[in-house]
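Good morning, and thank you for coming. I shall go through one structure with you, element by element, and I ask that you keep the sequence at hand.

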Amino acid sequence: MASEKLTILLVGSGGREHAIAWRLAQSDRVQHIYVAPGNGGTVGDKITNVNIGVSDFPKLTEFAQQNNVNLVVPGPEQPSVDGIQAAFKKIGVPCFGPSPKAAMMEGSKTFSKDFMKKHNIPTAAYENFTDFEKAKAYVNSIDHPVVLKASGLAAGKGVLIPTNKEETLAGLKSIMVDKEFGEAGDEVVIEEFLEGQELSVLAFSDGYTIIPLPPAQDHKRAYDGDQGPNTGGMGCYAPTPIGTPELIEQVKRTILQPTIDGMRRDGFPFVGMLFTGLMLTASGPKVLEYNVRFGDPETEVVLPLLSEDSDLAEIMLACAEGRLDAVSITTKQEYGATVIIASGGYPGSYPKGKEITIKELPKGVSVFHAGTKLENGKLLTAGGRVLAVSATGSTLREAVDKAYAGVNCVEFEGMMYRKDIAHRAFKYADEQQEEKGLSYAAAGVDIDAGNLLVEKIKPLVKSTKRVGADSDIGGFGGLFDLKAAGFVDPILVSATDGIGTKLKIAQACNIHDTVGIDLVAMNVNDLIVQGAEPLLFLDYFACGKLEVDVAKDFVAGVVEGCRQAGAALIGGETAEMPGLYDLGDYDGAGFAVGAVERPKILPRADNPIKSGDVLLGLASSGVHSNGFSLVRKIISTQPGLSYQSPCPWNKDTTLGKGLLTPTRIYVKQLLPAIRKDLIKGMAHITGGGFIDNIPRVMPKDLAVKLDAKSWELPPIFKWLKQTGKLSAYEMSRTFNCGIGMVVVVEASNVAQVKQLLQEANETVYEIGQVVTKADLNGEEVQVLNTEAW
């Protein structure tokens, strides 16, 4: 269809559809546009109304075949949810709109919230209910403010924002018992109330690529000053000053692209216009809701901002054909504003049939019809929202003034409209102008976000308190009382480490809590091999832009690692460094301190390691935190394999989640045997594998001989070895190969040590013995029987 003329069937009857038809008619590719059912404004040289309902698919498809329609564009949500794309797919007509399954992102708020949770897309905390009594009990159990959402379609009005518990319970009853929104209220979503400014982002998608239009902000309340009842929207403007390029890049990276990728991987790729409602919270942008179509009145404000060389028909067809990356989408360096003129009484009851007069409009002003009809040559009101008056200008003030000049050209009895469209933008601009000089925030460092992070993590950190430390953070330093912890003649042992390139996988998967455990594990496992009990931990988190929820998840992982190790998290540093790290990138490091009584330092001086001692191996949980540069290289050689692909060695999860299994922490399991003086020495198998790590604990004249047949190589390592064509030697010097900790014990103590470890739920193998270097012709480590791998 590269050059074929387009006959388009546009389904809908509102201002949105008029704006779409207006823009499509400007395309040289478009031969004709049929609008079903259309309104009093959707008429013209290329535009004809067709009296067919939006969900009457038999008549719509019959009409399309009779009139050689070769592109269908659904406007409102109902036909998309009802399956218009599937209906036209059966007769071979492409549709700029989602499949029925993809349309569930708007059709069911429960579905979309569960989707966001699965794909780690930032949104408000929530619970779903189909039982009124259970929902009521949940409301009574919480103290924070909430939003009530009827799960099904409610014409954009199924959302209640109560201000107290009484209103919440009354609203719940109106939705679930009184059925104020009909069947849409059979299930309700109760979600955390988010504070901040709202933002709407409309974005074209073909299932792979997503391209956002300028961010818009609408006005839901009926009256000036954001007072009165909620409506479908009383006006809109774009781009919003709060929607900075940096913010939109963050939204695309953390919300839009993960949404499109997630839908495709879940089997319902999204084609069409994805409308994402956002709340800009103190901890970053969060999704309020998805709509699977053009917004109204957002459409009337953003389409006039498309540049002249951006052909809407070409864009829609490219989306439907899966080649959005092949077309140009650019916007004017201008602002747009739309004012909705409504019938008196809207959004309650209102009269219809009032005659409308539209005088000559100023240049650059368009009037899009919504609730209108033509009857006996007269233009009459036929709905609540009657007209959308839109204008563009070089400044937002110019665009708004022109739109109101257009409003003054419209007359009908009882007409009402808001007189303060874009008031939030003007207030924001005034506040910015009042600021004197530059600020740290203007340089990209948000101290308020840092303070918010501290408040969010304080209760987490407090949960790691132990004897000797209270784990209070926020001061200049952390304290630890060795005497209170019971030490008599302690030696302090310290360790510092990072996570490495495993972080790249965490960032790609948007899973940030497991790497915090890795960070602690890499440090405390290095303490325990010296016989030291981990006492305290400090973390360091560095990023280009602080995303509070990401950092909080990271620290939550650190907290979990500290709990497993019995260490107190007594402080840390969060460094926001614009320009040093890309958006979405971060790094982490940790510092741990432990203590051991002087005579009990490992390796034991009073009972040294000798030839004939036995090596026990403790099972690893996976790759742990070393060798990920090689892991990532192996994955990059496999066509079509991504971190979201099914895991090759565990089909119940994804590759990314399989690789992010956190490093095993061995502290509490080993301490009983250490305190009984049963362990001579230990080696933490990290970077360098067996070959480089075991010699670190051996006397200079001794070596070790390992038997690879004494434990089975775990599936993850078999896959890495086979896929990467790695030699047994490369495996032994890069990965832990299934053994995360090696313990050296006297042969006579093997049974007792194994019993203690197995009682602590450790999997233990006898993997080798200590020999002299002379026995191995000078080698330090020899791994035998690797053919078993």
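This is a predicted model: local features need pLDDT of at least 70, side-chain atom pairs count only at pLDDT 80 or more; totals for chains, interfaces and linings use all residues.

Let me begin with strand E14, residues 235-238. Gly235 and Tyr237 point one way from this strand, Cys236 and Ala238 point the other way, and all are buried. By buried I mean under 20% relative accessible area, by exposed over 50%, and by partly exposed anything in between, with a 1.4 Å probe and protein chains only. Helices (H or I, at least four residues) and strands (E, at least two) are DSSP runs, numbered from the N terminus.

Residues are numbered from 1 along each chain as its sequence is written, and side-chain values use heavy atoms, with hydrogens and water left out.

Now to the partners of E14. Two strands pair if DSSP finds at least two bridges between them. Strand E11, residues 217-218, pairs with E14 in the antiparallel sense over 2 bridges, and Asp218 has Cys236 as its bridge partner in E14. Strand E17, residues 335-342, also runs antiparallel to E14, joined by 4 bridges. Here Ala238 has Gly336 of E17 as its bridge partner.

In general, an α-helix has 3.6 residues a turn, so residues three or four places apart point the same way.

A single residue deserves a moment. Thr381 is found in strand E21, residues 378-381, and is buried, with a relative accessible area of 1%. Contact here means heavy atoms within 4.5 Å. Leaving aside neighbours within four places in sequence, Thr381 is in contact with residues including Ser343, Pro351, Lys352, Gly353 and Phe412.

On to the aromatic rings. How many aromatic pairs does a search of the whole structure find? The search finds 17. Rings of Phe, Tyr and Trp (its six-membered ring) pair if their centres lie within 6.5 Å; planes under 30 degrees apart count as stacked, over 60 as edge-to-face and the rest as tilted. The rings of Tyr404 and Tyr417 have centres 6.3 Å apart and planes at 45°, so this pair is tilted. Tyr404 lies in helix H12 (residues 396-407) and Tyr417 in the loop between strand E23 (410-411) and helix H13 (423-434), so the pair ties together parts that are 13 residues apart in sequence. Tyr404 counts as buried at 15% relative accessibility, whereas Tyr417, at 21%, is partly exposed. Elsewhere, ring pairs link Phe96, Phe204 and Phe294 into a cluster.

The open sheet of 4 strands has the order E24-E27-E25-E26, with mixed pairing. Strand E24 (490-498) and strand E26 (568-576) stand at the edges with a single partner strand each, so one side of each is left without a neighbour in the sheet. E24 pairs with E27 in the antiparallel sense over 9 bridges, and Gly498 has Ala589 as its bridge partner in E27.

Helix H15, residues 502-509, is mostly covered, with 6 of its 8 residues buried. Its buried residues pack against strand E27 (586-597) as well as helices H16 (514-528), H18 (628-636) and H19 (655-659). Just after H15, Asn510 takes a positive phi of about 55°.

Strand E32, residues 702-707, pairs with E35 in the parallel sense over 4 bridges, and Val704 stands opposite Val781 in E35.
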